[in-house]
Amino acid sequence: MQTIRSSHSLNGLWQFAFLGDVDPIGLDVCGIAFNPGKVLVPSAFDALPDLAGKRGVAAYATTFRVSPGSKSRLRFGAVSMWSAIYVDGCLLTEHHNGYAPFDLLVPVAEHEERELVVLVDNRYNFTRTPMHEEFFDFYQYGGILREIKLESLPATDFCIDYAHFLPTANYRLGEVEVRVGLIGNNLPAIGEIRLSFDGEVEQTFSDVPVDGNEMRFLAKVPNPRIWSLTNPAMHSAAIALQGTDAIAVRFGLRRIETHGAKLWLNEEELQIRGYNRHEWHPNFGPCTPLAQMYNDLVLMKAMGCNFVRGCHYPQDQQFLDLCDELGMLVWEENLGWGQKEKTFKHPDFEAHHERSLRNMVKWSANHPCVIVWGFMNEAETQHAFTRGFWERTIATLRSLDSSRLVTWASNHPLDDVNYDLVDFIALNIYPGWYGCAGESNPIGMIEPFWHKCIASIDGRGFTDKAIIISETGVEGLYGWRDPAQRFSLPRTFRPPISRRYVNWRQRFRDYPALRFGISAMPELTAVVMHWVAHVLLTTKVPSTSIVDPN
């Protein structure tokens, strides 16, 4: 097997300057006066003590080394909100979604040391960054938020961009559809691929057609192990192109599908229990430490959860790696929150959205934990103007990966016009919380409204689609309880509204699950709740309302 291409992280201390309220377009990056001190990458600059809450342009700079005359690629996990990437003073690209990954080729040079400057602007600018809008219900930070890697590339005209291993219906026999993306010039009409699974005997695939920039073929893992919630087995693959380039990836064999109004994982009915989770930390903003990610998942699993919705943007690859290893299912979605018709009419919005969507799939397709691709949380899907955008977006997702389910979270349960396009229906509904001022019994509004939503969906001919409550409830139990139970605020610190919420959870403990095609998700996980996981999950609730993992 060809030697695996090398890569290394550029994380660490970088030069930094906060430039404030300046126009970043056309800025002379060679003339930036950087601060004497340095900042850590990745980090959100507006989460740093001296810049907390500040909005404006910031500049980051570092150097990296590439052998003279050699090719290389930079891979950015996330840079928020708008960014411009310069190497040796030359602008290489602009990026317009602060949570989506992206990569770019570094121009070949005859000198070894290269200078990388990253301009970041975390100001809201609808003209330039229509994917970020100020009315979103979560704080949008600025900075280099996730890891940056430098990859060495071969000297050939073209090389591997990505390699995806997508399980087929014959996944139990180890069959996968392999998709190898190519970048570069003078792409061939056919190519040769060599594969080695888990260090086993190398397989050769000759005369594989190149369609556009992608090669597709079927392969079999010699000793297949199935990825499941209780046994999240992973496989590795080394893949070489024409004997000139090789990369290594990890993937899992599992199958997610719908049958009637139910979800199925590995041919067994799946009951989903889980949370929405924002990437957020009170000290580090969206740059959540790996240990905190792990703690979030351990706490969720301890409460009987098997599912997390990564709202409302593409997820950190470190988090998905943990979900792969721990057996936690994930809904990953593109950035979006409550967009109105004005946004869809923006001349660049759809192009920015599609670029981010493609990069999300490109980076995450090998994670078996990801079972759902999502997009556009709570948009105006009660209106016909959304139809074309929805059709094109779903067609793009299915063309990139037909092995996963596709949906979005709708807050228009009674009049959404796009339900026919999805694999299952996801509802964000808050009866008994919003719009109940003056009601003497807001808890009594919940069950009738759920029935009304289901009756409306059934009446429109969607009895064969599973329904998940993707958001509901906006209350928590006030106070701090640590998970080890070493410390607890007395119950008198909790307001009466908390007890009302606990009573609601108890009432829905035995809510019928059959119509949903998935679990009714009792008590804390009765629905996928929209809270920051690390805050909520470190709250120890009374034993009467702890989720029953059974």
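**Reading the labels on a predicted model**

User: Why does Met376 count as buried?

Analyst: Met376 has 0% relative accessibility, so it counts as buried; that word means under 20% relative accessible area, whereas exposed means over 50% and partly exposed lies in between (1.4 Å probe, protein chains only). Please keep in mind that this is a predicted model, where local features need pLDDT of at least 70, side-chain atom pairs count only at pLDDT 80 or more, and totals for chains, interfaces and linings use all residues. Residues are numbered from 1 along each chain as its sequence is written, and side-chain values use heavy atoms, with hydrogens and water left out.

User: What makes the backbone at Met376 worth a look?

Analyst: Met376 has a positive phi of about 55°, although it is not a glycine. Most residues other than glycine have a negative phi. Met376 sits in the loop between strand S27 (370–374) and H5. Glu378, found in that loop between S27 and H5, also has a positive phi of about 55° without being a glycine. At 14% relative accessibility, Glu378 counts as buried. Strands and helices here are DSSP runs (E, at least two residues, for strands; H or I, at least four, for helices), numbered from the N terminus.

User: Which peptide bonds are called cis, and what is omega there?

Analyst: One runs from Val41 to Pro42, with omega near 5°, and Pro42 lies in the loop between S3 and strand S4 (43–44). Another runs from Ser80 to Met81, with omega near -5°; Met81 is in the loop between strand S7 (79–80) and strand S8 (82–87). Most peptide bonds are trans.

User: Why is the pair of Phe344 and Phe349 called edge-to-face?

Analyst: The ring centres of Phe344 and Phe349 are 5.7 Å apart and the planes stand at 85°, so the pair is edge-to-face. The rule is that rings of Phe, Tyr and Trp (its six-membered ring) pair if their centres lie within 6.5 Å, with planes under 30 degrees apart counted as stacked, over 60 as edge-to-face and the rest as tilted. Phe344 is buried at a relative accessible area of 17%, and Phe349 is buried too, at 0%.

User: Which residues form the aromatic cluster with Phe349?

Analyst: Phe344, Phe349, Phe375, Phe385, Phe389, Trp390 and Trp408 make up one aromatic cluster. By the pairing rule, the model has 28 aromatic pairs.

User: What is the strand order of the open sheet, and what makes two of its strands the edges?

Analyst: The six strands of the open sheet follow the order S3-S2-S5-S11-S8-S9, with antiparallel pairing. Strand S3 (38–41) and strand S9 (90–95) are the edge strands, as each pairs on one side only.

User: How do you know that S5 and S11 are paired?

Analyst: Two strands pair if DSSP finds at least two bridges between them, and nine bridges join strand S5 (residues 57–65) to strand S11 (residues 113–121), which run antiparallel. Across this pairing, Arg65 stands opposite Glu113 in S11.
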